[in-house]
Amino acid sequence: MSEERSFRITRAFFALLERLNTDTRQRDEARDEEQTRKRRGTIAICDVRDRERVTLFGSLLSMTFPSQVGERVLVATLYDGTASIELRWPGRRSIPGLHVGEHIEVEGTAGMQGDHLVIFNPLYRIIVENT
């Protein structure tokens, strides 16, 4: 076997290991989110329907802060291990205490916006887990 081929096989092997580890980590995180969600008595995001009043629990996967000019809408993505939902706060540039990775519980009416679910101006509670 040539040295070049051996190098490619080794690199492919380590890339596969990285993907497997990532998948395992994502499964573990999803399982943790599901257990906490069940403990808190909230529903899974994957079970949310259009125009339904919901209470959801999950972690903030991303946040998009508006620019200084133009429309002021803070947008965040909540993930609970089953799916994600977009949270929108019109007129807000930021919310103290909210950042990516934070566990929160939100309440509001979910609605379809294009091909995804959105809650406008959800009530939110930052959840501190005792470890």
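Strands E1 (residues 52-64) and E2 (residues 73-79) pair in the antiparallel sense over five bridges, two strands being counted as paired if DSSP finds at least two bridges between them. Helices (H or I, at least four residues) and strands (E, at least two) are DSSP runs, numbered from the N terminus. Within this pairing, Ser59 stands opposite Tyr79 in E2. E1 is also joined to E4 by eight bridges, and these two strands run antiparallel. Ser59 takes part here as well, with His103 as its bridge partner in E4.

The structure is a predicted model, in which local features need pLDDT of at least 70 and side-chain atom pairs count only at pLDDT 80 or more, whereas totals for chains, interfaces and linings use all residues. Residues are numbered from 1 along each chain as its sequence is written, and side-chain values use heavy atoms, with hydrogens and water left out.

The chain contains one helix and six strands. Along the sequence these elements follow the pattern α-β-β-β-β-β-β. Of the contacts in the chain with a separation of 6 or more, 54% are between residues 24 or more positions apart; a contact means heavy atoms within 4.5 Å. The chain has 131 residues, of which 32% count as buried. Buried means under 20% relative accessible area, exposed over 50%, and partly exposed in between (1.4 Å probe, protein chains only). Accessible areas come from the Shrake-Rupley method with a 1.4 Å probe, and for residues only the protein chains shown count as cover.

The interior may be considered next. In soluble globular proteins, nonpolar side chains tend to be buried together. The largest nonpolar core here has 19 residues, and those with the most contacts inside it are Leu56, Leu60, Leu78, Ile85, Leu87 and Ile119. Such a core is a set of buried Ala, Val, Leu, Ile, Met, Phe, Trp, Tyr and Cys residues joined through side-chain atoms within 4.5 Å. Two or more residues are given to this core by each of E1, E2, E3, E4 and strand E5 (116-120). E1 gives the most, with four residues.

Leaving aside neighbours within four places in sequence, Ile85 is in contact with Ile45, Leu56, Ala76, Thr77, Leu78, Ala110, Leu117, Val118 and Ile119. Glu86 is placed in strand E3 (residues 84-90). With neighbours within four places again left aside, the contacts of Glu86 are Val75, Ala76, His116, Leu117, Val118 and Ile119. Glu86 is buried, with a relative accessible area of 15%.

Charged residues form a further theme. Side chains of opposite charge can pair when their charged atoms come close. A salt bridge is defined as a side-chain nitrogen of Lys or Arg within 4 Å of a carboxyl oxygen of Asp or Glu, and by this rule the count comes to four. In one of them, the side chains of Glu86 and Arg88 meet at 2.4 Å, N to O. Arg88 is partly exposed, at 23% relative accessible area.

Another salt bridge joins Arg40 to Glu105, with the closest N and O atoms 2.8 Å apart. Because Arg40 lies in helix H1 (residues 3-40) and Glu105 in strand E4 (residues 103-113), this pair ties together parts that are 65 residues apart in sequence. Arg40 is partly exposed, with a relative accessible area of 36%, whereas Glu105 is buried at 6%. Glu105 also meets Arg125 in a salt bridge (2.5 Å, N to O). This second pair links distant parts of the chain, with Arg125 in strand E6 (residues 123-126) and Glu105 in strand E4, 20 residues apart. At 34% relative accessibility, Arg125 counts as partly exposed. Through shared partners, salt bridges join Arg40, Glu105, Glu107 and Arg125 into one network.

Strand E6 also contains Ile126, which is partly exposed with a relative accessible area of 36%. Together with Tyr124 and Val128, Ile126 makes a nonpolar surface patch of about 270 Å². Patches are made of residues with over 30% relative accessible area and no salt bridge; like charges are joined within 9 Å, and nonpolar side chains (Val, Leu, Ile, Met, Phe, Trp, Tyr) within 5 Å.
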